[in-house]
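Please have a look at the model first, and then read on.

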Amino acid sequence: MPKLGLLALMVLLIPQAGLKTRLYAGQTAPAANPLAGDVDRLAAEINPQVVAWRRDFHKNPELGNREVRTSKVIADELRKLGYEVTTGVAKTGVVGVLRGSRPGPVVALRSDMDALPVAEQGDLPFKSIARTEWNGQQVGVMHACGHDNHMAILLGTATVLAKMKDRLPGTVKLIFQPAEEGPPPGEEGGAQQMVKENVLENPHVDAVFGLHVFPYPAGTIVYRPGPLMASADTFVIKIKGRQTHGAVPWGGIDPIVIGSQVVMALQTIISRTVNITEAPAVVTVGRFTGGNRSNIVPEEVELEGTVRAFDESVRKDIHQRIRSIATHLSEAAGGSATVEFGLGYPVTRNDPALTERMVPTLRRAAGADNVRLGPLTGTAEDFSFFQQKVPGMFVFLGVTPRDQDHTKVPQNHSPLFFADESALPVGVRVMSNLAIDYLTGQK
Ligand SMILES: [Zn+2]
Ligand SMILES: [Zn+2]
């Protein structure tokens, strides 16, 4: 988002009353859950606190697996609200459990907690000036992906649900997850580590919901049944030939020529074997290194690339074909190849039945006019690790000021990423209503 002056920012933040009218304008859903009115009232009531939490997190960002202060703030607030709190989950994660007044299902709501090694360039009054060491370098730290909003929304939701505890069946499990952007090199962390530490058990979670702020018009909810975000894996191919004089190529085996054939053949995986009408995919070679002078055929070359897919079977198939192409082409030329994959995040895939069931809730919570079906998104999310274990739904929450073109503002991870706080109460209503409607089985 463009740099906003303080005055412009205040103008954006002040008109809460106008905002309310706008957000409810399209709200025509029939027979709402009898608890929905209370959610709306509470979400409005606690909004100043939600904004305060968001600004506090924004001003005090911490990198993945280092969310020490963040974790303490969250744990303290959850304890005050009466949650059973577990800290130190996947290093700095916090889990809060709220048991309703009678038995029922278990619903989990997730927020990530980490910031990025980005030096903030905006001029917000609560801008981050934090610096830390990352990968051996001094870096600025900023909530450039907007996870500060997610935490504030989930604490707001925690407050709403705690106040309604006596009228809720079942159990709410709040998952505050570290290191969504990936743990520091050499460390484990994030959703995968939380799953390993059984965060979805005791009690077993029946469904999990999460949201992410995104450059859509502020207060918009964008959902998609089935695949939403891509899987993201890396690969390294080492091709071994036999070194020789560049003038006498027949005396050796040229790994540069083999590598070139491999690069071209890898491009046929998508163009000739992936059914792009079902799920698109990408194979990119981003690095090709080898050799050091004009007249030497080198011994070895290295290719490195990334694979993106929107279907787990396509993802596996692509891996197998990369391995097969690299090894067989190399062998055909008399060389050899090794292929190693770095498995990143799986496909973020929304359970279709769960999504269909919860869309009326989204429409009621955000206003029917503000809820829309979204496209596939090429970025990846480790929320997908939770979805591999239990049905889950992940949605985007728009945070671009309504008077700006959301296709042109700085994206998440930009040093100028800006989140319009008018989206915060929408987030609280969405998360609260998802939990309540899921637990009560009502719409
Ligand atoms: Zn991010
Ligand atoms: Zn993010």
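In this predicted model, two metals sit side by side: the zinc ion (ligand 2) and the zinc ion (ligand 1) are 3.1 Å apart, with Cys145 coordinating both. Donors here are N, O and S atoms within 2.8 Å of the metal (3.2 Å for Na, K and Ca), and because water is not among the atoms, sites may look incomplete.

The table sets out the two sites.

| Metal | Protein donors | Distances | Spacing along the chain |
|---|---|---|---|
| zinc ion (ligand 1) | Cys145 (SG), Glu181 (OE), His413 (NE2) | 2.0 to 2.2 Å | C-x35-E-x231-H |
| zinc ion (ligand 2) | Cys145 (SG), His147 (NE2), His212 (NE2) | 2.1 to 2.3 Å | C-x1-H-x64-H |

Where do Glu181 and His413 lie? Glu181 is in the loop between strand S6 (169–177) and helix H7 (190–196), and His413 is in the loop between strand S18 (392–400) and helix H12 (424–440), so the pair ties together parts that are 232 residues apart in sequence. Helices (H or I, at least four residues) and strands (E, at least two) are DSSP runs, numbered from the N terminus.

Are Cys145 and His147 buried or exposed? Both Cys145 and His147 are buried. Glu181 is partly exposed, with a relative accessible area of 27%, and His413 is partly exposed too, at 38%. Buried means under 20% relative accessible area, exposed over 50%, and partly exposed in between (1.4 Å probe, protein chains only).

Residues are numbered from 1 along each chain as its sequence is written, while chains are lettered from A and ligands numbered from 1 in the order in which they are written. As this is a predicted model, local features need pLDDT of at least 70, side-chain atom pairs count only at pLDDT 80 or more, and totals for chains, interfaces and linings use all residues, while side-chain values use heavy atoms, leaving out hydrogens and water.
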